[in-house]
Amino acid sequence: MRLLKVATCNLNQWAMDFDCNLKHIKESIIRAKEAGAVIRLGPELEITGYGCEDHFLELDTVNHAWECLKEILLGDLTDGILCSIGMPIIKGSERYNCQVLCFNRKIIMIRPKMWLANDGNYRELRWFTTWKQKDQPVEFQLPFEISEALSQTSVPFGYGYIQFLDTAVAAEICEELFSPNPPHIELALNGVEVFLNASGSHHQLRKLDLRLRAFIGATHTRGGVYMYSNHQGCDGARLYYDGCSCVVVNGEVVAQGSQFSLKDVEVVVAQVDLDAVASLRGSISSFQEQASCKTKVSSVAVPYNICRPFNLKLLLSSPQKIMYHSPEEEIAFGPGCWLWDYLRRSGASGFLLPLSGGADSSSVAAIVGCMCQLVVKEIAKGDEQVKADAIRIGNYTDGKFPIDSKEFAKRIFYTVYMGSENSSEATKMRAKVLADEIGSWHLHVCIDGVVSSLLSLFQTLTGKRPRYKVDGGSNVENLGLQNIQARIRMVLAFMLASLLPWVHNKKGFYLVLGSSNVDEALRGYLTKYDCSAADINPIGSISKQDLRTFLRWAANHLGYSSLAEIEAAPPTAELEPIRSNYSQLDEVDMGMTYEELSVYGRLRKVFRCGPVSMFKNLCYKWGATLTPSEVADKVKHFFKYYSINRHKMTVLTPSYHAESYSPEDNRFDLRQFLYNARWPYQFRKMDELVQELNGDKVALNEPGNHEKLGATAGIGGMGVVAAAAGDPKAGL
C-alpha cells in the first residue's frame, strides 16, 4: 500500500484584503499539517481573492501577491507538505492565472492556467492570457526580492506535473476540467495519480450536481485521486462561492466539505490508497493501450517520498453519500451566508426591509431570519470569528453574545410596513405576524399624508389632479399614482435606515434590502427607483416559483408558520384602490403568468433565442393548447415589455446571483438597454410564419405536424427545439 493523506479547503477570501486572505491560507496549511496531510490544495487566486476584476490589471495586486507568498515560504509552513497556492503572475508582457506549487520552503513549479473561464459571470480573458505552450516548461526568473529571500533564482513555468519518488501530482485549474479535452486525460496516461483542481465556482440553484459529476467522471474510467478546492462566501460582489471542496478516488467521493457555511476556513482531509489507483488502471485494457502510445508530458522531479506504507493505525477514507441541499435549502442558506458576509464586511450595523406582507419581501425577511439562526448555531459550536463579528454588529457589551436568533434579529433587523389607503388589513397583519416570528424591530408607517402632499404640489403646478383608473382616470394617471407610492417608500426606507439606529442609540447605519425577483426584473414589472431600489437584494436572481416553494419550506423548517398563508395569497402590488369588483393582481397587470416568465427567461438567456426562435420553440411547447397566432401574441407581448423596461437593469439593485436566466446587466447579461420595442423585422417574420401555418391549416396538436413545423425551424435551432419540446435537460 501507498497511503497518502491529503487536505483541501474552503476559504472565505475577500478580494484585495491581503491580510485577511493570508491569515486564512496560513490557518488552512497549519490545520492540514496537524491532520498529517502531505498535500494541501487551496482555491484559485486565493491570495488576492477571485473577484478582484480590474484590480488584476494593477501591478500592485501582483506585487502584493508575491509579498504574501514570500511570507508563507519564509517560515516552516511548507515543510514536509506540498502546497498549491493560487495567485496572478506576470511573465514578460503577459499576466497569468497561476497555481504556485511549493514544497520545503521552495517553489517547485508554477502552473499557468491554459483554458480561462470567459462566459456567464466570468471575464478571465479581460485580465489574463492563456498558456499555450504544452511541450516543455520554461524557466521563469523569480522577482529579485523573492529570489533573494528564498535563495532561488528561477523555477519551471508551464504545463507539466511533479514526479515524486512514489507518485506523480499535477494541477488542473477550474475551467480546464470542463473543457472538451481536459488535461487530466493526458496526465493520467502519463502516470499522474493525484490531480489538484483549484477553483472559483459560484453558487447557482441546482448546479452542484454538474460539478460533482465532472470530478467523478474524471476518475471513474481512468482512475486517480481528484482534489477540489473552492472559495466559500461573498468576496465583494454579487456571487456567492459555494465551497463543497472534496476528494474523489476512482469515481467515489471520500470526503466532502460544506456548501454553505459561515466559517472562514474549512479543511477537508482524506486518507487514500494510491495502489487502488494503480490497480484500477491496470485492470482496464484500453487504458493500458492508450498509455503505451501517449503524448509525453514534461515533469519536474522532486526526490522525496510523500506516501506512507501499510499501517493499521492509518484508516482509509471510505466512499460516502454525496450531500446535496434541496433548492429550498439553497435559497435559505446561500443568500443567508452572502448577507452575513456583506453585513460584517460593509461596516453596517444591520438591515432594514420594507416588508409588504407579500411573497417577495417575506422571502427576504425569512432569509435574514435564517441568517440569524445560522449565526447563533455557529456561535454555539464555538466559532470565535462569527462570535466576534456578532458581538460587534449587535453591539453586545459585558461579555454577552447572541444565544437566541430572535433576540439577535431585534438588534440587527428593522422591518417596516409602509401602508397606504390602497393597502389591505390582511397584508398589514401578515407583515406584523412574520416580523414577530423572526424577531425584527417592526414599524407600521402610513404614507398617505406624503402622497397627498405631493399630489397637492402637482395640482398647484399644473392645475390638474390625477385619478386612478377605477375612478375614471387614464392609464397614464393610474401608473403615475402607483409610481408616487413606490418611490416614496424608497425615500422613506433610506431615511429610516440612516436615522433609526440614531433614534435607538445604535452605532452605524443599516443596509436597505431589496425584494424584487428575477421574473419581475426580466419583465420590468417594477418602478424605477421604488422600494426595490435598495443597497443589496438577496432574491434578485431567484424566480417567483422557486420563492413560493421556499416559503412553504421555510414555514415548516425555519419556524415561521405565517409564511404558509403569505404564499397562498395571490401576488399583488396593492398600489390601486380596492373595490368590491376590482382587486389589483400582478399577473393580470403583467399580462403573463410567473410560470410563463420563467419559460421566456430561459429561452432568451440560456438557449439564446431571439423573438422568432422563441416563437418556434413555444409552438412546440404550447401548441396543444394555443394556436400559432396566440403564441405569437404572447411572445410579442413579452419582448415589447422586456424592451421597454430594459433600461431598469442599469439601476437594478446589486443582487445575489442564483438563476441561469438573470437579466442583470452589470456582467451576466450583457445586452443593450435601448431597444426598438416594436421589433419590426422579427415580429414581421413571426407574422409570416403564422400566416404560413394558418394557410396550410396546420393544427399543432395533429399527428405529423412536428415534422412539418420542424422543417421551418432552421438547422441552427433544432437542438433548442428538442430541448423545449420536453427534454428533461432543458429545465423548462
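By class, how many nonpolar, polar and charged residues does the lining of the largest cavity have? The lining has five nonpolar, two polar and four charged residues, where Ala, Val, Leu, Ile, Met, Phe, Trp, Tyr, Cys and Pro count as nonpolar, Asp, Glu, Lys and Arg as charged, and the others, Gly among them, as polar. Bear in mind that this is a predicted model, with local features needing pLDDT of at least 70 and side-chain atom pairs pLDDT 80 or more, while totals for chains, interfaces and linings use all residues. Residues are numbered from 1 along each chain as its sequence is written, and side-chain values use heavy atoms, with hydrogens and water left out.

**Cavities**

- Searching the whole structure turns up four cavities of 30 Å³ or more; a cavity here is a set of points on a 1 Å grid over the protein atoms alone where a 1.4 Å probe fits but cannot get out, and lining residues have an atom within 4 Å of a point.
- The largest one comes to about 100 Å³, a volume being the space filled by probe spheres set on the points, with grid points joined across faces, edges and corners.
- Its lining includes Y50, W127, D235, R238 and R667.
- Next comes the second largest cavity, at about 60 Å³, with L526, K528, D530, K648 and T653 among its lining residues.

**Helix α12**

- In α12 (residues 405-412) the buried residues are S405, F408, A409 and I412; buried means under 20% relative accessible area with a 1.4 Å probe, protein chains only, and helices are DSSP runs of H or I with at least four residues, strands runs of E with at least two, numbered from the N terminus.
- Those residues sit on the same side of α12 because they cover an arc of only 105 degrees around the axis, taken from the directions from the helix axis to the C-beta atoms.
- At the helix start, a side-chain oxygen of D404 comes to within 3.2 Å of the backbone nitrogen of K406.

**N12**

- You'll find N12 in the loop between β1 (3-11) and α1 (18-34), buried at a relative accessible area of 1%.
- A polar atom of the N12 side chain is 3.4 Å from the backbone oxygen of Q232.
- Beyond four places in sequence, N12 has contacts (heavy atoms within 4.5 Å) that include C20, H24, K263, D341 and R345.

**S147**

- S147 belongs to helix α4 (residues 144-150) and is buried, at 12% relative accessibility.
- From S147 to K70 is 9.5 Å, C-alpha to C-alpha, although the two are 77 residues apart in sequence.

Key: 1 Å grid on protein atoms, 1.4 Å probe; cavity = no way out; pocket = protein on both sides within 12 Å on 5 of 7 lines; lining within 4 Å. Buried < 20%, exposed > 50% of the residue type's maximum accessible area, 1.4 Å probe, protein only. Polar contact = N/O pair within 3.5 Å; in protein donor to acceptor, adjacent residues only side chain to side chain.
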